[in-house]
Amino acid sequence: MQGQRADLEWRDGGVPVSRLFDDPYFSLDDGLAETRHVFLAGNRLPERFAPGFHVAELGFGTGLNFLATWAAWEVQGIAPPLRFTSFEAYPMERAEMARALDVFPELAQYARQLLAVWQPDSGVYDFGAVRLEVIAADARQALPNWQGRADAWFLDGFSPAKNPQLWEETLMAEVARHTLPGGSVATYTAAGFVRRGLEAAGFDVSREPGFGRKRHMTIGRLA
């Protein structure tokens with residue numbers, strides 16, 4: 001299975017921006033800090049990590065969320081592997097991903113390992129401590145057929161205002177269907193229709209302080 005290739009331009013000295021959606025891949029303020037605030041802390045990670053823990057994601061992008069999660073996992077010293085599954089319709093070429101990740105030297109040791117094997121298609125990558133599966137397809141078609149269930153979800157598609165398809169209520173229902181009991185979800189957006197979609201899917205949803213310029217974000221826990 002193959003996705004379409006990402007079409008990028010670069011702003012502010014190293015921030016990749018999707019031409020298709022006119023939206024940056026990570027915060028213009030501090031992408032790594034945003035990932036830690038929204039997706040890790042929003043899912044109560046790393047404190048919830050346990051053997052066999054499974055993270056799933058909508059929007060692999062630059063791989064930043066995966067690398068930050070990998071780094072947090074290794075610090076905990078938990079028996080491997082951490083499983084990480086990401087759905088990405090527009091995977092980056094290796095050179096583009098390398099340029100995007102170069103601004104995060106704190107993650108360099110993990111980025112080097114990912115870039116050494118990365119192909120912009122579907123694939124499974126075993127790094128010992130973590131096992132990554134990338135599904136290069138539109139999540140609306142791929143997620144209903146996925147056989148896994150996650151402990152935590154990172155919803156990191158482009159802005160709901162610019163890419164509403166990745167935030168549809170039917171897709172949020174599939175996220176819930178592929179979440180383990182007591183599992184969680186976090187996203188940078190506080191858009192009302194996203195919160196309502198998650199609530200309709202069965203998540204207990206709350207609005208939390210956002211990162212940087214975003215006043216609020218959304219977290220949820222599957223009842």
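Here is a short chat about salt bridges in this predicted model.

Author: Residues are numbered from 1 along each chain as its sequence is written. As the model is predicted, local features need pLDDT of at least 70 and side-chain atom pairs count only at pLDDT 80 or more, while totals for chains, interfaces and linings use all residues, and side-chain values use heavy atoms, leaving out hydrogens and water.

Reader: What makes R36 and E106 a tie between parts of the chain?

Author: R36 sits in helix α1 (residues 31–40) and E106 in the loop between α3 (94–101) and α4 (108–117), so the parts they tie together are 70 residues apart in sequence. Helices here are DSSP runs of H or I, at least four residues, and strands are E runs of at least two, numbered from the N terminus.

Reader: Why is E106 called exposed?

Author: Exposed means over 50% relative accessible area, buried under 20%, and partly exposed in between (1.4 Å probe, protein chains only). E106 has 51%, so exposed is the word. R36, at 33%, counts as partly exposed.

Reader: How do you know that D138, R140 and E168 form one network?

Author: R140 bridges D138 at 2.7 Å and also meets E168 at 3.8 Å, N to O. Those salt bridges share partners, joining D138, R140 and E168 into one network.

Definitions and conventions:
A salt bridge is a side-chain nitrogen of Lys or Arg within 4 Å of a carboxyl oxygen of Asp or Glu.
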